[in-house]
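Here's a walk through a protein model with a ligand in it.

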Amino acid sequence: MTRAPRFPLALDRVGAAPRTRPATELLRPQRPLQHAAQHAQQQALHEAAGRATPAGLGLDSAAMRARMVQRLRAEGLACEPVLEALARVERHRFVDTALANQAYEDTSLPIGLGQTISKPSVVARMLALLCEGAAARAQGHLGSVLEIGTGCGYQAALLAELGRSVVSIERLQALHDKARGHLAGVRRAGLQLVYGDGRLGHAPRAPYHSIIAAAGGDALPQPWIDQLAVGGRLVAPTFDAASGGQVLVVIDRGAAGLQRQRHDAVHFVPLKSGAA
Ligand code: SAH
């Protein structure tokens, strides 16, 4: 859990033309990565074998994660650090026990209070897009990260694997508390959970190299843009007037200004105002 992976960044280059494309097209693999697949699988199995007291899905969970990673790889996800983080973080520990047996299927799951944890392929897709930001590529990690919508804390745990410091904001107290419990075992000096309205970002730790939102509004809140470092990248679901639905929007802040791209159509829970 302590290794900080560097980014070979074999993710497909995203097209400059802003248009919505199916995820399968965007996630086409560039080259076979069997070697890395074996490595991730062996590592997961090794970790499982080394665990003295299995809990939840026990010893099988590492193998199930390895299979989930294999499926994502087969679908074209080629960002190694993201795949490795997905192989390490135990998704079943972030959902209710009754749902644990579905934790490694590519499905979104309820996490309480009408909210959902996104399906692994969407989480992986967004993290891979973040890894393609200029600062992330230059540094070999996501740097300082801001997440809006902690939810159950699963994605925050992945971000803690991929970045140097993470601030994650949740507006629902009950979920903030739940995530705190789930993340108690994730000993990361740089992981800070904040209870509040994430539309305001988190100015005290700004600017951020990577900003990711797990809830979508009509427009991107200005504080997110303002808190994006030069070289930083923001990935967020946002309403798209052209298609009449939600799409993933990517904003890059370069020395010369902001660049915006539109990607996959998605269905995230709404970005709401205020804390509750
Ligand atoms: N990344 C999460 C996904 C949670 S779903 C996970 O891994 O579980 C999206 C979350 O965004 C919900 O918990 C919802 O309460 C939260 N949310 C919505 N609007 C918000 C806002 N303005 N500030 C902070 N969190 C918000």
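A polar contact here is a pair of N or O atoms within 3.5 Å; within protein, one must be able to donate a hydrogen and the other to accept it, and residues adjacent in sequence count only if both atoms are side-chain atoms. With that in hand, look at the ligand: one of its nitrogen atoms sits 2.7 Å from a polar backbone atom of glycine 198. A ligand oxygen is 2.6 Å from an N or O atom in the side chain of glutamate 170, and at cysteine 152 a polar backbone atom is 3.0 Å from an oxygen of the ligand. In total, 28 residues surround the ligand, counting a residue as near if one of its heavy atoms lies within 4 Å. Thr116, Glu170, Asp197, Gly198 and Lys272 are the closest.

Before going further, a word on what you're looking at. This is a predicted model, in which local features need pLDDT of at least 70 and side-chain atom pairs count only at pLDDT 80 or more, while totals for chains, interfaces and linings use all residues. Residues are numbered from 1 along each chain as its sequence is written, and side-chain values use heavy atoms, with hydrogens and water left out.

The pLDDT is the predictor's confidence in each residue, from 0 to 100. Its mean for the protein is 84, and 78% of the residues reach 70 or more. Residues 1-38 stay under 50, although the model gives them 82 contacts beyond four places in sequence, a contact being heavy atoms within 4.5 Å. Residues 44-55 are also below 50, with 15 contacts beyond near neighbours in sequence.

Next, find helix α3, residues 60-74. Helices (H or I, at least four residues) and strands (E, at least two) are DSSP runs, numbered from the N terminus. The buried residues of α3 include Met68, Val69 and Leu72; buried means under 20% relative accessible area, exposed over 50%, and partly exposed in between (1.4 Å probe, protein chains only). Those three are among the contacts of leucine 86, which also include Arg65, Ala124, Tyr154 and Leu158.

Staying with α5, pick out leucine 130. Leucine 130 is buried, with a relative accessible area of 0%. Not counting residues up to four places away, leucine 130 touches several residues, including Leu142, Leu159, Ile211 and Val235. Valine 235 is 105 residues away along the chain, yet the two C-alpha atoms are separated by 6.6 Å.

Most residues other than glycine have a negative phi, and most peptide bonds are trans. Leucine 113, in the loop between β1 and β2, has a positive phi near 55 degrees, and this leucine is exposed at 52% relative accessible area. The peptide bond from alanine 206 to proline 207 is cis, with omega near 5 degrees; proline 207 lies in the loop between β5 and β6.

How values were computed:
The expected span of a helix is 1.5 Å times one less than its number of residues.
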